Amino acid sequence: AGKYALQQRRVLLINNEDDAEELELRFRAIIKQCQLSAAEVDLMRSNIHYQSGYHQQLKLAYTGPDKIVRATQLKKEIINYCLQQKIDALMVDPLVSLHDVSENDNGMMNAVMSEIKSVASYAGVGVMLLHHTKKLSGEKIDTDESLRGASSVKDAARVIYLLSRMTSKDHAISGWTMVKRITLSHRESRIGTTSIRSASTL
């Protein structure tokens with residue numbers, strides 16, 4: 001009781017920042033670091049699907065001449081692929097690459113998030129969006145104020161995780177001596193709380 005039940009899931013990663021070769025190198029690094037067996041490698045490759053938009057950006061939404069945000073053909077393609085391949089989770093890296101609207105326009109970003117939520121609903125998948133933060137200064141960790149652009153992005157999320165440098169206070173509590181540290185800050189929007197869930201070295 002009180003613990004998460006871990007299950008293997010099928011994931012589709014859309015990455016617009018790295019080419020297919022770079023993504024493959026990351027997979028190989030994971031395999032080496034985790035010392036996966038041949039059977040585990042086969043399972044990983046069958047469960048993790050990826051598509052690179054490095055050479056041709058994969059756009060889910062765009063702004064028409066009338067300034068109305070509309071979905072592209074990619075939305076339908078993602079939904080169909082997820083249903084056909086029995087995908088459980090969709091990850092996008094980064095969010096800003098998935099559309100061409102102004103990040104600071106609340107109305108337009110709300111429309112983009114609505115299209116993404118529509119994909120989640122029709123495809124029956126969970127969605128994780130990697131989003132950039134502002135330039136963080138000081139040691140305060142605030143998931144509400146640290147995200148870049150319109151507030152409608154965070155408002156649409158059920159859960160937010162923020163990676164940032166560990167504060168001096170948390171560093172002292174951890175007892176770690178490493179110079180490079182990160183913390184994983186967590187916020188569940190439905191209950192409005194923020195807490196440090198875990199910390200790890202970088």
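**Core and cysteines of a predicted model**

The structure holds zero disulfides, a disulfide being a pair of cysteine sulfur atoms within 2.5 Å. This is a predicted model, in which local features need pLDDT of at least 70, side-chain atom pairs count only at pLDDT 80 or more, and totals for chains, interfaces and linings use all residues. Residues are numbered from 1 along each chain as its sequence is written, and side-chain values use heavy atoms, with hydrogens and water left out.

**Cysteines**
- C34 is partly exposed, at a relative accessible area of 48%; the class lies between buried (under 20%) and exposed (over 50%), using a 1.4 Å probe and protein chains only.
- C82 is buried, with a relative accessible area of 1%.

**Largest nonpolar core**
- This core has 26 residues, of which I78, C82, L90, M109, V112 and I116 touch the most other members. A nonpolar core is a set of buried Ala, Val, Leu, Ile, Met, Phe, Trp, Tyr and Cys residues joined through side-chain atoms within 4.5 Å.
- At least two residues of this core come from each of β1 (11–15), α3 (73–84), β5 (89–93) and α4 (106–123). Helices (H or I, at least four residues) and strands (E, at least two) are DSSP runs, numbered from the N terminus.
- The most is given by α4, with seven residues.
- Beyond its neighbours within four places in sequence, L90 is in contact (heavy atoms within 4.5 Å) with L12, I14, I78, V119, V125, G126, V127 and M128.

**E115**
- E115 is found in helix α4 and is buried, with a relative accessible area of 16%.
- Not counting residues up to four places away in sequence, E115 touches A71 and K75.
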